[in-house]
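Dear colleague,

I am passing on a structure that I would like you to look over when you have time. The model is shown just below, and my notes come after it.

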Amino acid sequence: MLELSGLRDAIIDGNDKLALQITEEALRQEVNPAELINKWMIPAMDEVGRRFEAQEFFFPEMLLAARAMKLALEPIQPLLAASGVEPTGRVVLGTVKGDLHDIGKNMVGYMLEGAGFEVHDIGIDAPAEKFIEAVREHNADILAISALLTTTMPGMQVVLDRLDQAGMRGGVRVIVGGAPITQAFADEIGADGYGENAGSAVSVARSLMGKD
Ligand code: B1M
């Protein structure tokens, strides 16, 4: 019988091939992808974070775990992004300047695609100007910004300020999220919405598009 705790352990151990193998087998056995993500994969990353804080893990272990998580997410991505509906809206998505974390951002992107949004992902370590240019280029309805570090959170305010200075703030709704972000922080910087996780980012984006 397939032991799904092996997926969590493989990610923690940075064993990308095993993590992928278990995920593929689980999907063949029709295990719900949401269960794989929420019950085994995210808790694995939380445990990696805990070990990093406790100095049981260092940067290389954290990187290997992230690689295993990303590989294991690959066969899940098309399931999250599967959608045949008309575009719900255009989204520009990215991680703020100075921040290299992208696993959560990618999940937000897949789920937005799954909900029918056209997503333009500008990647990690994105300066404010890159967000602004992408919003302009794609005529985005929503700008979605991710940050995983307390030190990079203020970069979100910079993006909002630049949008304002460019006279574009009125034309785009801004949603923010990532582990250190809270509703209070989102309110403080004047964002239009906050998503605690990928699912709630989709609900907020839908509601900002008047699709509730
Ligand atoms: Co880093 N890291 N990391 N890291 N890392 C954290 C975030 C940390 C909490 C670990 C810890 O100490 N416990 C800590 C931050 C502490 C703080 O700021 N207070 C930390 C640190 C310190 C660092 C470095 C500074 C370490 C160092 O160099 N000394 C360094 C910084 C590098 C940089 O960015 N400049 C660093 C580096 C890295 C790696 C590169 C090795 C790797 C990232 C690889 C990658 O992403 N490609 C990494 C990892 C893997 C982690 C942990 C272990 C896992 C992150 C993750 O992928 N989680 C993390 C600890 C943790 O989170 N438990 C940690 C799984 C993912 C699905 O969740 O990203 O939270 P998350 O996304 C969620 C929600 O937050 C939300 O939805 C997602 C799905 O539910 N969400 C949004 C995210 N974006 C959203 C946007 C939205 C809405 C919702 O709307 C727009």
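This is a predicted model: local features need pLDDT of at least 70, side-chain atom pairs count only at pLDDT 80 or more; totals for chains, interfaces and linings use all residues.

Residues are numbered from 1 along each chain as its sequence is written, and side-chain values use heavy atoms, with hydrogens and water left out.

The chain is divided into domain 1 (5-83) and domain 2 (90-208), with bounds that come from an automatic or database domain assignment. Their C-alpha centres lie 24 Å apart, and 12 residues of domain 1 are in contact with nine residues of domain 2, where contact means heavy atoms within 4.5 Å.

The largest nonpolar core has 43 residues, of which L7, I11, L36, M41, L112 and F117 touch the most other members. (A nonpolar core is a set of buried Ala, Val, Leu, Ile, Met, Phe, Trp, Tyr and Cys residues joined through side-chain atoms within 4.5 Å; buried means under 20% relative accessible area, exposed over 50% and partly exposed in between, with a 1.4 Å probe and protein chains only.) Because both domain 1 and domain 2 give residues to this core, it lies between them. A second, separate core of 28 residues includes I122, V174, A186 and Y194.

As for the ligand, its cobalt atom has a single donor from the protein, NE2 of H101, 2.2 Å away; donors are N, O and S atoms within 2.8 Å of the metal (3.2 Å for Na, K and Ca), and since water is not among the atoms, sites may look incomplete. H101 is placed in the loop between strand 1 (89-95) and helix 6 (103-114), where helices (H or I, at least four residues) and strands (E, at least two) are DSSP runs numbered from the N terminus.

K105 lies in helix 6 and counts as buried because its relative accessibility is 3%. Leaving aside neighbours within four places in sequence, K105 is in contact with L93, G94, T95, D121, G123, I124 and S146.

In helix 10 (residues 198-208), the buried residues are A198, A201, V202, V204 and A205. They cover an arc of only 165 degrees around the axis, and therefore sit on the same side of helix 10; the arc is that of the directions from the helix axis to the C-beta atoms. Among the elements that cover them are helix 6 and strand 2 (117-121).

With best wishes
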